[in-house]
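Please look at the sequence and the model before reading on.

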Amino acid sequence: MSTATLTGTTLLTAAQNKLGYESFSIGKFTFERDEYFAHIIYPGNRHIMPIEAFLRALMRDVAWGFFYGTVNFDNVFGTINHYGTVEMYIGLNNFAYRNSHREYVETFQSKDLKKFFESILANWTNEGFDPFAAPEETGEAYGPKRGDNLQAIQRERLAAKRFLGLPGDLKLRGDAEGQPVNRQFTDVSQEKPELHPEQGFESEVHAVNLFAYLSRSDVTWNPSVVSVVHDSLLCPTTEEHILPIIHGNDRVEWFVQLSDEIIWDVEDKMTGAPVCKVTMKAGDVSAMPADIRHRGYSPRRSMLLVWENNDGTLPQRYASGEFKPYPVEF
Ligand code: PHB
Ligand code: FE
């Protein structure tokens, strides 16, 4: 059964369980956690996810404001961004659930669901576990409630006014804060670009070493927006282990593999049926179509440039068939 009514702001917090974790309810969904699992209870049934995978996915959904299109936490549970409202679903993009009419959907105001997710994340993330970090670089998510890690989950995106490093603007990571080069990027050159601005333009022209910037990133699978030109967003990121969500985009998205290697599983967006595997080596470029979902595997820490088109008219134009789901015809 599927419902599409807009749920109000009813946000109930039940009592703590014996392990010290709170339960959270919104609409007809209730979220509970134990030592190992997140339990998602909805009318008629319960879905269960490993807690670590759930928190890693939840962290991205919160940090990215529900992202573009669909954020599948796994093959059953996730959210669809309608840019103002958001659908939270069970089985909506799963062939077997749909075929037996077992899907369940509710629509929320985005700001309400974001606040709700932030509360879960804050209460369920234990001290020492950083949902943004690679598994080798963080403690465990398991066990009874043990402190918290607000510092890790409330990282704020910093926005440059004009350009990193220009007078009066943000300093380049590593220069000021002394953030260390990642253990897997010790071979990345830290050399600064040479600058020769014309006289009078010294405070207008600047350049940074993007590879050096990325080599000092302490998060994984979390694109930074480093350049905005109209709707063109260049979003480089450092990757290690598994993309914590399975992304079903509502537009085309380009990938440029800047270093090392990522293997992508590509599936049909609606059913989850396998479409292909894409192995991207340093220098490879791909366009991910608008009708698929994808998940990347990065065996070593790697650098990836994600190129997004932020034009708000795109979801409707792809959904209506005005645009083909791929950008080029060969
Ligand atoms: C994606 O879904 O396209 C995506 C998300 C986060 C990343 C890389 C790719 O770090
Ligand atoms: Fe994507």
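Which residues coordinate the iron ion (ligand 2)? In this predicted model, the iron ion (ligand 2) is coordinated by H247 through ND1, E253 through OE and H294 through NE2, at 2.1 to 2.2 Å. Donors here are N, O and S atoms within 2.8 Å of the metal (3.2 Å for Na, K and Ca); water is not among the atoms, so sites may look incomplete. Along the chain, the donors of the iron ion (ligand 2) have the spacing H-x5-E-x40-H. E253 belongs to strand 13 (residues 253-257) and H294 to strand 17 (residues 292-309); this pair is 41 residues apart and links distant parts of the chain. Both E253 and H294 are buried, that is, under 20% relative accessible area, where exposed means over 50% and partly exposed lies in between (1.4 Å probe, protein chains only).

The other ligand has a shell of 15 residues around it, and W221, E239, H247, E253 and H294 come nearest to ligand 1. A residue counts as near if one of its heavy atoms lies within 4 Å. The table lists polar contacts, which are pairs of N or O atoms within 3.5 Å.

| Side chain | Distance to an oxygen atom of ligand 1 |
|---|---|
| E239 | 2.6 Å |
| E253 | 2.8 Å |
| H294 | 3.1 Å |

Taken alone, ligand 1 exposes 280 Å², and the protein buries 100% of that. These areas come from the Shrake-Rupley method with a 1.4 Å probe.

Strand 11 (232-242), strand 13 and strand 17 each supply at least two residues of the shell around ligand 1. Strand 17 gives the largest share, 3 residues. By class, the shell around ligand 1 holds 9 nonpolar, 4 polar and 2 charged residues. Here Ala, Val, Leu, Ile, Met, Phe, Trp, Tyr, Cys and Pro count as nonpolar, Asp, Glu, Lys and Arg as charged, and the others, Gly among them, as polar.

The protein chain as a whole has 6 helices and 17 strands, taken as DSSP runs (helices H or I, at least four residues; strands E, at least two) numbered from the N terminus. Its radius of gyration is 21 Å, close to the 20 Å that the globule rule gives for 330 residues, so the protein chain is as compact as a globular protein of that length. The radius is taken over C-alpha atoms, and the rule is 2.2 Å times the number of residues to the power 0.38. Of the 330 residues of the protein chain, 46% count as buried.

Residues are numbered from 1 along each chain as its sequence is written, and chains are lettered from A and ligands numbered from 1 in the order in which they are written. Local features need pLDDT of at least 70, side-chain atom pairs count only at pLDDT 80 or more, and totals for chains, interfaces and linings use all residues, while side-chain values use heavy atoms, with hydrogens and water left out.

Note on methods
A polar contact is a pair of N or O atoms within 3.5 Å; within protein, one must be able to donate a hydrogen and the other to accept it, and residues adjacent in sequence count only if both atoms are side-chain atoms.
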